[in-house]
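Reader: I would like a close look at one part of this model, namely its strand pairing and a few residues that go with it. Please state the cut-off behind each term.

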Amino acid sequence: MKKIITLCALLTAGFTFAQNIRNNPKSNHGNKFEQLGTILPTPNSYRAASGAPGNDYWQQRADYDIDAFLNEKELRLEGSGQITYYNNSPDVLSYLWLQLDENQHNPNNESNYFDGSKVTQPLSDVQLEGLDPKKQLKDGGVNILSLTDATGKGLSYTVNYTMMRVDLPAPLRPGQQFIFKVKWNYKIPERMKVGGRGGYEYFEGDGNSLFTIAQWYPRMCVYNDYGGWNNKQFTGRGEFALAFGNFKVRMKVPADHVVAATGVCSNYAEVLNPAQLAKWTASQTSDKPVEIVTLEEAKAKEKAPDHANFKTWSYTAENVRDFAWGSSRKFVWDAMGIKQAGKTVMCMSYYPKEAYGLYSKYSTKTVAHTIRTYSKYTINYPYPTAISVEAANGMEYPMICFNYGRTEADGTYTEKTKYGMIGVIIHEVGHNFFPMIVNSDERQWSWMDEGLNTFVQFLTEQEFDNNYPSARGPAYKIVDYMKMSKDQLEPIMTNSENINNFGANAYGKPATALNILRETVMGRELFDFAFKQYAQRWEFKHPTPADFFRTMEDASGVDLDWFWRAWFYDTDPVDISLDSVKAFTLTKGTKVEEKIEPVKVNRPDAFDHISKMRNRESGMKFLVDIDTSLRDYYYYNKPTEDDYKAKLTRDENAKLSTMTDEEFKKYENNYYYELVFSNKGGAVMPLIIQWNYADGTSEVERISAYIWRKDEDKVTKTFVKYKEVKSIQLDPYRETADINESNNSWPKAEVKTRMEIFKSKRSARFDNNDVNFMQKAKEKR
């Protein structure tokens, strides 16, 4: 028998906030919790429904054997090489596609003209020159000098901007390989003026250059099971899709240059002097970076450059998707070996004197920290080296990346520069994992490498220093972007070339989404296992978004389709409002006895539907007329709606009885709070409620996003508490990227403006830490 208790309103606090930012009305039950279904490609024998590679998964392979000459005097790269292409697909191929990325700098390339431009004040000479690509890029682009088969017979080919099709003399059948040779050259661009990933930087102070040679050889396009040839043009933004293979590369450079490259150098004994070779050997077991080429040596070479003599550095790399290198007489080089999964990984840095104050202290140790941390969250780092090159930019390739981080002329640097440098080193070294090993298609889906990598970068930064000022990852960091108008927002799944706010969309939002999954939706244990499973499944393979989505659900047992819809396929922001709060205490109720007899009404003869009338007119014989024993009380007497309500009341009252005083004591000190939430942003998210009690204590309660599954716009829920609540705060740790915090509290709390918070931080910093704001780094230069 249930006991009667009456809820008595203690107070009612209702309030209304800003109008829902969604202008288009929709039904309360939409499709936010429906399965992705046909949005994802149908699983097959190549890609399983679990998100793992299927039993028949295949991928192509390309091996390269290249000789390169860095002509510093003429600023020209000259190359010749042999490519062996393996057809592991079930398809017969009649042609091959290769990438000629340096044609980005060909003045006739269409991508140099299809972006808009504005005149801004003040104008620089570089901006003015950029308005005339034909003049700025004169003589740029790749020159194909010859293309032959293995026997030297010429091959037919067609260059289409940044793509080259090679027509095969005979069909390349499954399991076969094709060997061909190519010779080429190109004018090395001054990347600080014309842009690009590779090129040279000229230092006016000492008259020397630093070369970053990237995307420099004809590279095989990916041919795969879901897209065929990936021959989408390179316009400078959407990066690369490349086949794995083995490389042998010999680089002829000025004799006083130092070369950093993908892979392992096989002839250090020929290119290093005895002292340098000894330090290289010592660095492999050192617990701190060893300077193999010192600052003094680099300075001396700057003052007396050798343009007459040359050395050839030989490198090999196995199972990599690309090969890049840097070369300069300006390089200081330090190295340190670390143990990772039972083998030595050489962590190294190459940098000019302009970066010495920062790089000598931080770079190599940051490389080592990145390798260790990423290995913990993804896969054990499989390569023998990891290199950071200071080149005033940020770009990644297997085992080598180009970063920034220079001091002022007097050796000082700001805290912002230091953390920016550490962050970019972590990010670019981290790209060894995404996409150099977990080899997604950057040209189609930038977020699969930039977003996933930025997320693990955030984890790595936090393990560097728990107070590390990460630029991306925490949910509140993406709020300003998510507040933008709908016409400025794009789904994460937008193609790389078409994204307007590239940094926020490809880096920040996906990194934030994954951090929310880990901390708020799934929990660290489930997320970390599933994320690691994805990396292990697709190590040295080519995953798609569906493979990632499916693996995360398959390995965690959490249905995340609602989350992928909200964060990856839609642009709705998070704005959950606490609309009203009603608080109740209890009084003891008394039993209600009601005796309501149903009203007797004669059964109407009228027909309430056309079909009934026509049935009667047709002379239809009804069973209740043929067999009158089927007639009962309700055939002659039709109860009203009030009769039914009265019966329900009687039935409920029959279950109740009055409580005794002793029984009531169990409930009399309880508080009941009815909260009304509305989804003003559109994206459904968990409810995170902080209850602040009158006695000064607090607790945080978390409710799954599935609370919105039956009504995506409004939810009412009543909570029982055992002490009085003084205030309520939604999302107290700012973990859902809610764009409007002014409607997250009861009673309504004042929200500081950005400027007020900024002033507060600045005053605290300069009050407590002024002397450390500019760290002196006047090491020898």
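Author: Phenylalanine 310, in β18, is the bridge partner of proline 254. This is a predicted model, in which local features need pLDDT of at least 70 and side-chain atom pairs count only at pLDDT 80 or more, while totals for chains, interfaces and linings use all residues. Residues are numbered from 1 along each chain as its sequence is written, and side-chain values use heavy atoms, with hydrogens and water left out.

The two strands concerned are β14, residues 245-254, and β18, residues 310-320. Nine bridges join β14 to β18, and the sense of the pairing is antiparallel. Strands are DSSP runs (E, at least two residues) numbered from the N terminus, and two of them pair if DSSP finds at least two bridges between them.

Both strands belong to an open sheet of seven, ordered β5-β8-β3-β2-β14-β18-β16. Pairing within this sheet is mixed. At its edges are β5 (142-149) and β16 (264-265), each of which pairs on one side only.

In the loop that runs between β13 (228-229) and β14 sits glycine 238. Glycine 238 has a relative accessible area of 0%, so it counts as buried (under 20%; exposed is over 50%, partly exposed in between, with a 1.4 Å probe and protein chains only). Apart from neighbours within four places in sequence, the residues in contact with glycine 238 (heavy atoms within 4.5 Å) are Glu442, Arg443, Ser496 and Glu497. Asparagine 495 is 257 residues away from glycine 238 along the chain, yet 8.4 Å separates their C-alpha atoms.

Serine 328 is part of strand β19, residues 325-328. Serine 328 is likewise buried, and its relative accessible area is 0%. With neighbours within four places in sequence set aside, serine 328 is in contact with Ser209, Leu210, Asp256, His257 and Val258.

Another open sheet can be described in the same terms. Its four strands follow the order β30-β29-β32-β33, and their pairing is antiparallel. Here the edge strands are β30 (698-703) and β33 (745-746), each pairing on one side only. Strand β29, residues 687-693, is joined to β30 by six bridges in the antiparallel sense.
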